[in-house]
Amino acid sequence: MSAAKLNATKRFAVRMSLVTGSTLATIIGAQSLAMLDEQAFSALITPEAAQVEQATSNVTPADSFTLQNSVPTATNAAVTSEATATANPVPAAPSIVILRRPGQIAPVTVQPTAAPAQAVQSAPVQIAPPAPVQIAPPAPVVVQQAAPAPVVAQQAAPAPAPVTRTSRR
Amino acid sequence: MKQYVISFEAMGSRFNVWLESEADGAEVLQRVPAWVEEYEAVLSRFRPQSELSRLNTRAGRWTETSAILFQALQKARYAAQLTNGLCNPLVLPALLAAGYTQSFRRGFSPSTPQQDGVGSSEDTFSAPPIVPAWSEIQVRRKRRLVKLPPNAKIDLGGTAKGWAAEQIAERLSAYGPCLVDAGGDLVARGAPQGQPGWTIRIAEPGEEAEQPPLAAICVTDCAVATSGVDFRRWRQGDRLRHHLIDPRNGQPAETDVLSATVVHPDAALAEGYAKTLVLMGSEAGLNWILHQPQQAALVVRKDRAVLATEAFRRLLVPLEQPTAPHPAHS
């Protein structure tokens with residue numbers, strides 16, 4: 001009986017060593033092949049490509065941030081773009097637009113955009129300048145008016161249209 | 001859905017408030033003047049009994065403040081921080097020294113400092129007063145305590161009107177889309193029925209009446225503020241003065257900008273940025289605002305050139321043909 005056990009044990013040990021050995025050989029062989037491939041690839045890299053690879057590996061987040069925030073300086077001469085009657089909005093880096101040249105007094109003109117979603121009904125009446133501060137202010141006036149229909153000219157509303165201006169206080 | 005509008009005088013300005021509502025918009029809008037008065041009673045430096053005026057008498061000492069004053073002051077400090085101190089609420093002594101001692105109204109010409117009210121002779125200086133850094137204002141949030149630097153006084157005119165308009169708009173937005181115009185500083189919430197936003201005209205700067213507007217923009221859920229040197233100006237001796245004090249030298253700013261308009265989600269910041277653009281000048285100001293998260297700004301220079309950021313240009317909409325002004329406002 002013990003002889004049979006030894007034989008079984010021997011057989012198991014032999015099998016284990018064979019499996020282990022072959023596995024190790026496979027791993028070591030694969031590594032060797034990979035090293036050979038890398039050496040061959042390195043021989044193909046040109047000097048310029050090596051410099052680019054070196055430069056990009058040195059870029060820090062701060063450098064990228066600085067680059068992204070490089071914006072043109074607005075000067076009289078450094079006009080980045082000018083609104084024209086036919087200009088279409090073009091996504092671009094932040095920039096300054098000249099809407100009116102020095103010495104001109106005409107209002108800024110803008111063509112309606114093509115997209116229906118952009119169509120906007122402007123205020124229907126020209127704004128009268130606000131009255132100066134009154135000594136005896138009138139009682140508040142509340143006026144009910146129908147909501148203006150889109151893209152249709154309205155009659156004069158019983159109240160001023162919204163205007164932004166320097167405060168008269 | 002019906003649209004209602006109310007017009008009244010407050011904070012030395014003309015207020016116009018629009019509201020679209022299914023509910024009784026007239027009844028809701030009737031409350032707005034009282035809301036504005038609530039803010040003005042606290043924040044006006046032209047009222048000796050206002051909480052702000054009383055705080056100004058306690059410089060150097062801790063003072064407990066109301067929620068309104070504390071919030072408005074915090075907003076002013078925030079605007080000062082984001083504008084690198086150019087929108088500084090501690091400019092009041094400099095304003096008084098420059099002659100701006102009373103609220104502007106027809107017939108008032110602040111050529112010399114006044115002897116009564118908040119512009120007393122003790123507030124005049126032979127040299128421009130030094131404006132303390134905004135960061136010297138100390139606050140303790142838990143009890144809303146405020147301590148001004150010694151001998152300092154604050155003026156919230158640079159941010160308070162926009163902030164008040166924003167509070168009003170927030171209250172009204174519960175009833176429907178609304179637009180609050182606080183003397184030229186506007187806050188929009190929602191949009192009129194069937195439209196992508198509220199159309200707001202930009203006035204041509206200057207004192208002349210009946211000028212056609214410069215341009216128009218369409219906005220929603222944001223504030224539009226305009227600051228400039230085209231109206232509140234006067235002569236002090238042989239010098240032309242205006243109300244926008246440069247805190248770096250305590251003097252009315254030397255600038256090539258006539259007016260600046262800014263669109264921003266925050267009303268106080270819209271006001272602060274507009275003032276900063278004027279103080280910095282067109283070139284430096286526009287370059288500065290291009291580095292801010294919100295960049296929609298338009299500048300009118302004294303030579304009448306109009307410059308704008310691309311973000312602002314995208315908001316422009318066509319101007320309609322002018323019509324006769326409404327008799328109610330002639």
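Reply:

**Around Leu172(B)**

Leaving aside residues up to four places away in sequence, Leu172(B) touches Leu19(B), Val28(B) and Cys178(B). Keep in mind that this is a predicted model. Leu172(B) belongs to helix 6 of chain B. Is Leu172(B) buried or exposed? Leu172(B) counts as buried because 27 other C-beta atoms lie within 10 Å.

Now follow helix 6 itself. Helix 6 (residues 160–172) of chain B crosses helix 2 (residues 32–43) of chain B at roughly 145°, and their axes come within 10 Å. The crossing of helix 2 of chain B past helix 6 of chain B is right-handed. Which residues meet there? From helix 2 of chain B come Val32(B), Trp35(B), Val36(B), Tyr39(B) and Leu43(B), and they meet Ala160(B), Ala164(B), Gln167(B), Ile168(B) and Arg171(B) of helix 6 of chain B. Sorted by class, this contact of helix 2 with helix 6 of chain B has 8 nonpolar residues, 1 polar and 1 charged.

Out of its 330 residues, 55% count as buried. If you take the contacts in chain B with a separation of 6 or more, 60% of them join residues 24 or more positions apart.

Another helix pair in chain B is worth a look. Helix 4 (residues 67–82) of chain B packs with helix 7 (residues 267–280) of chain B at an angle of about 45°, their axes 9 Å apart. That angle makes helix 4 of chain B oblique to helix 7 of chain B. This crossing, of helix 4 of chain B past helix 7 of chain B, is right-handed. On the helix 4 side of chain B you'll find Lys75(B), Ala76(B), Ala79(B) and Leu82(B), which meet Ala268(B), Leu269(B) and Gly272(B) of helix 7 of chain B. That contact of helix 4 with helix 7 of chain B is made up of 5 nonpolar, 1 polar and 1 charged residues.

Let's turn to a few loop residues. Ser135(B) sits in the loop between helix 5 (92–98) and strand 4 (138–140) of chain B. Ser135(B) is exposed because it has 12 other C-beta atoms within 10 Å. Gln81(B) is 54 residues from Ser135(B) along the chain, and their C-alpha atoms are separated by 8.1 Å.

Most residues other than glycine have a negative phi. Arg144(B), though not a glycine, has a positive phi of about 55°. Arg144(B) is in the loop between strand 4 and strand 5 (145–147) of chain B, and it counts as partly exposed, with 17 C-beta neighbours inside 10 Å. Asn151(B) isn't a glycine either, and its phi is positive at about 65°. Asn151(B) lies in the loop between strand 5 and helix 6 of chain B, and it is exposed, with 11 other C-beta atoms within 10 Å.

A word of caution about chain A: its mean pLDDT is 57, and 31% of its residues reach 70 or more. Over residues 45–93 of chain A, pLDDT stays under 50. Where pLDDT is low, the predicted coordinates should not be read in detail.

Key
Residues numbered from 1 in each chain as written. Chains lettered and ligands numbered in written order. Predicted model: local features only at pLDDT ≥ 70, side-chain atom pairs only at ≥ 80, totals over all residues. Axes fitted to C-alpha atoms, helices over the stretch in contact; angles between N-to-C directions. Helix = DSSP H or I, 4+ residues; strand = E, 2+ residues; numbered from the N terminus. Parallel < 35°, antiparallel > 145°, perpendicular 65-115°, else oblique. Left-handed = near helix turned anticlockwise from the far one by under 90°. Contact = placed C-beta atoms within 7 Å. Nonpolar A, V, L, I, M, F, W, Y, C, P; charged D, E, K, R; others polar. pLDDT = per-residue confidence, 0-100. Buried ≥ 20, exposed ≤ 12 C-beta atoms within 10 Å, placed from the backbone.
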